[in-house]
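Q: Hi! Could you walk me through this one? I'd like to start with how the terms are set.

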Amino acid sequence: MPFVTIEAALLAARAREPEGARAFARFLAGPEGAVVRARVARQVVASRTASLSPAIAGDPFLAAFRRAAEAGVPLPTHPHMRATFEPAQRAIRNYLRGGRAADDVLAEGARRFADLVRPLPAPRSPAPLLLAVSLGLLFAVSLAVRRARDPEFRGAVRRSLPAYAWVAHAAIAVGLLVIAPLAVGAGTSLFAGAPGELRYVGLANYVDVLTARGGALLGTGSFWVVLLVTVLWTAVNVALHLLLGIGLALLLDRPTLRFRGLYRVLLVLPWAVPSYVTALAWKGMFHRQFGAVNAVITALGGEPISWFARWSTAFAANVATNVWLGFPFMMVVTLGALAAIPQDLYEAAEVDGATAAQRFRLVTWPLLAPSLGPAIAMGAVWTFNMFNVVFLVSGGEPDGSTDILVSEAYRWAFTRSQQLGYAAAYAVLIFGVLTVGTRALERLGTRGGAR
Amino acid sequence: MSDGAAGRGTRGARALLGEAGVHALVLVAVAFALYPVLWVLALALSPGDAPAPRVLPLPASPSLVHFAAVLGLDAEAGSGWLFGRQLLNSVVVSGATAVVAVALATPAAYALARFEFVGARAGERALLATQMFPGVAASIPLYLILDALSLLDTRTGLVLVYATTAVPFAIFQLRGAFAAIPRDLEEAAMVDGATRLGAFVRVVLPVARPALAVTCLFAFMTAWNEFVLAATFLSREETFTLPVVLQRYVGEYDARWGRFAAGATLVSLPVMALFYALQRNLIRGLSAGGVKG
């Protein structure tokens, strides 16, 4: 792929002949210089006027390059180049979209650039960590010793020995494959630097994440804003999944309905499609020029929308994709739960003269709600971690504002100059949020059930 | 139609109207569910890379050029081998993941279903908790580990990465399956003089064969459909799995939607068929545990 580059000539401040040097620089940067370079050295030209000059217009090599450059996209090739390229591109895009002052946009770009190339946190002495770890180990060992002295426990362990022969290899494999990476991940969050030259920095990464690296706590890209977006994303999606899933299940759950088997098969279709295909397909459907959504809007007499130019529409596009992909799960779970409700309860209610609404409120809902609890928890965790949709549909556009926690962590790890320690701190915080969140959901569920 | 209904009285008319309303609502939902799939199919069958916007998902002048291009049957020499290689990568990685996961999980799942032992509950709970750690977030340590083992950009490395989710999933699935097998079966065999291992191999495993097959297929499907980790850990075209290939068609610097659609159709159809064949088992397994599915 050919590269389009920008040429520049630098002029020393104390040059002896500034006028002459300036004229020379102008010649070098201008079309005439480019033509000379192209004719003598066959160097490709970046300027359109120069490439049309009769001296070189006939050269097939240069002509081929010109055709390629017309379709070319500027592309960073090195991490350091990317560090300037990404913020600059975003700043330009934000400005061209209108509605924002150039200074404001540039300041934001500068802040992004500073984020990417910011100096590593100062190295810390690992002594406190070692002390804490050894104290923890000591405590664990003393607990183990005390338990090992307990004759009852020893008997239980002796009886367990045959079982250990069955689980030993799996325990080792899980330890190496599952537990070890998690431990390494948690450990990485205490380090900073590029892979291969990590150094211990204590809790500096966590402090940086939680204080938005000294910026505004509710500024763009701060952990707290991303957390807020993620919680909103999860709540909206799960609510819509439940609404659509339960609604359709109630419609389908009537034995007299014709084609209900066929309907069920067709409605489950989105679940069968691999989620990355779904995400890419919806990205295409929301394409400004040929997307189906804009085609429908224009057919109805509306103006086509640039879906990924504004937060609200980009978020809506993500939600539409995720609702499509997730409602069949809720529908199938609800259908299963409805089938488990004994039919004579309905008959008894009907004999007692209950209306349809009463039957739903007094029979269906109380028996349905508890069995939906685990499905809701599972759906919430899935949505919270739904990387594919966010990363592939909106890609965080506009400006990273639709990114959720997992996609933000991924960007820090793999696209923004590999700040692995910082990203690992993000990952540990995500785990914490999820653990606390599911506990709270569970407690809510049991309290609701007790009532 | 409404005349006939009115003749049977208001109650019958209301029932019929209600029935029609239900059908109408369900049909709207069906249209919503089918539209994107049909849109991708139409895109795959329409020649050209910048299709005209259309409301109805029907190809303008159907052609198979995109399928030919994806399979490497068109003029670009050599790319056919590349696609074959990438298909092989997907098959090998997914197959190896499934075999490794089920082989490791089977005895452990059996022990969890049958024996009471110290640490069983704690181990199970720990395993469930690790499933909450998002796969994408786990990619950071996995990247460092693969880098240290020089397994980045290899199929072996990817199998190891996929095993980190497939093994716990298989343990939960199979534990449920083994628990559903009546104990009398093995006990009868053991009364007849078989050892515990002998009874497991000769009596329990044959009975559990369907569950083993289903678990294998699910592990295969999950690996076949995985995108992010493959995209992160593979950087050479020869090691790409199919999801990475598809994403590259419509990535940041390319927009060959026709090829993407044709490729997506080819890659998704087999797993979608598999999904329909196995969905009841999947739903049962989901309620047994295993948050990631």
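A: Happy to. Axes are lines fitted to C-alpha atoms, for helices over the stretch in contact, and angles run from 0 to 180 degrees between N-to-C directions. Helices (H or I, at least four residues) and strands (E, at least two) are DSSP runs, numbered from the N terminus.

Q: Good. And what kind of model is it, and how are things numbered?

A: This is a predicted model, where local features need pLDDT of at least 70, side-chain atom pairs count only at pLDDT 80 or more, and totals for chains, interfaces and linings use all residues. Residues are numbered from 1 along each chain as its sequence is written, while chains are lettered from A and ligands numbered from 1 in the order in which they are written.

Q: Thanks! How many helices and strands does chain B have?

A: Chain B has 13 helices and zero strands.

Q: And how much of chain B is buried?

A: Of its 293 residues, 43% count as buried. A residue is buried if 20 or more other C-beta atoms lie within 10 Å of its own, exposed if 12 or fewer, and partly exposed in between, with C-beta atoms placed from the backbone.

Q: What about contacts in chain B that join residues at least 24 apart?

A: They make up 69% of the contacts in chain B between residues at least 6 apart in sequence. Two residues are in contact if their C-beta atoms, placed from the backbone, lie within 7 Å.

Q: Let's do a helix pair. At what angle do helix 8 and helix 9 of chain B cross?

A: The axes of helix 8 (residues 183-191) of chain B and helix 9 (residues 196-207) of chain B cross at roughly 140° and come within 9 Å. Helix 8 of chain B and helix 9 of chain B are therefore oblique to each other; angles under 35 degrees count as roughly parallel, over 145 as roughly antiparallel, 65 to 115 as roughly perpendicular and the rest as oblique.

Q: Which residues make that contact?

A: From helix 8 of chain B there are L185(B), E186(B), A189(B) and M190(B), and from helix 9 of chain B there are R196(B), A199(B), R202(B), V203(B), V204(B) and V207(B).

Q: Over to chain A. How do helix 10 and helix 16 of chain A cross?

A: The axes of helix 10 (residues 223-252) of chain A and helix 16 (residues 356-384) of chain A come within 9 Å and cross at roughly 135°, so helix 10 of chain A and helix 16 of chain A are oblique to each other. Among the residues of helix 10 of chain A that meet helix 16 of chain A are T230(A), W233(A) and H241(A), and the helix 16 side includes I376(A), G379(A) and F384(A).

Q: Now the kinks. Where is the kink in helix 8 of chain A centred?

A: On A163(A), with a kink of about 55°; the bend at a residue is the angle between axes fitted to the seven residues ending there and the seven starting there. A straight helix of 38 residues would span 56 Å at 1.5 Å a residue, but helix 8 (residues 151-188) of chain A spans only 41 Å between its end C-alpha atoms. The expected span is 1.5 Å times one less than the number of residues. A163(A) is buried, and so are W166(A) and P181(A), among others in helix 8 of chain A.

Q: And where does helix 6 of chain B bend?

A: Helix 6 of chain B bends by about 35° at P141(B). The 14 residues of helix 6 (residues 135-148) of chain B should span 20 Å, and its end C-alpha atoms are 20 Å apart, which agrees. Eleven of the 14 residues are buried, so helix 6 of chain B is largely enclosed by the rest of the structure. P141(B) is one of the buried residues.

Q: What follows helix 6 of chain B?

A: S150(B), whose phi is positive, near 55°. S150(B) is not a glycine, and S150(B) sits in the loop between helix 6 and helix 7 (155-179) of chain B. Most residues other than glycine have a negative phi, and most peptide bonds are trans.

Q: Is S150(B) buried or exposed?

A: S150(B) is exposed, with 9 other C-beta atoms within 10 Å. D153(B) is found in the loop between helix 6 and helix 7 of chain B too, and D153(B) has a positive phi of about 70° although it is not a glycine. With 15 C-beta neighbours inside 10 Å, D153(B) counts as partly exposed.
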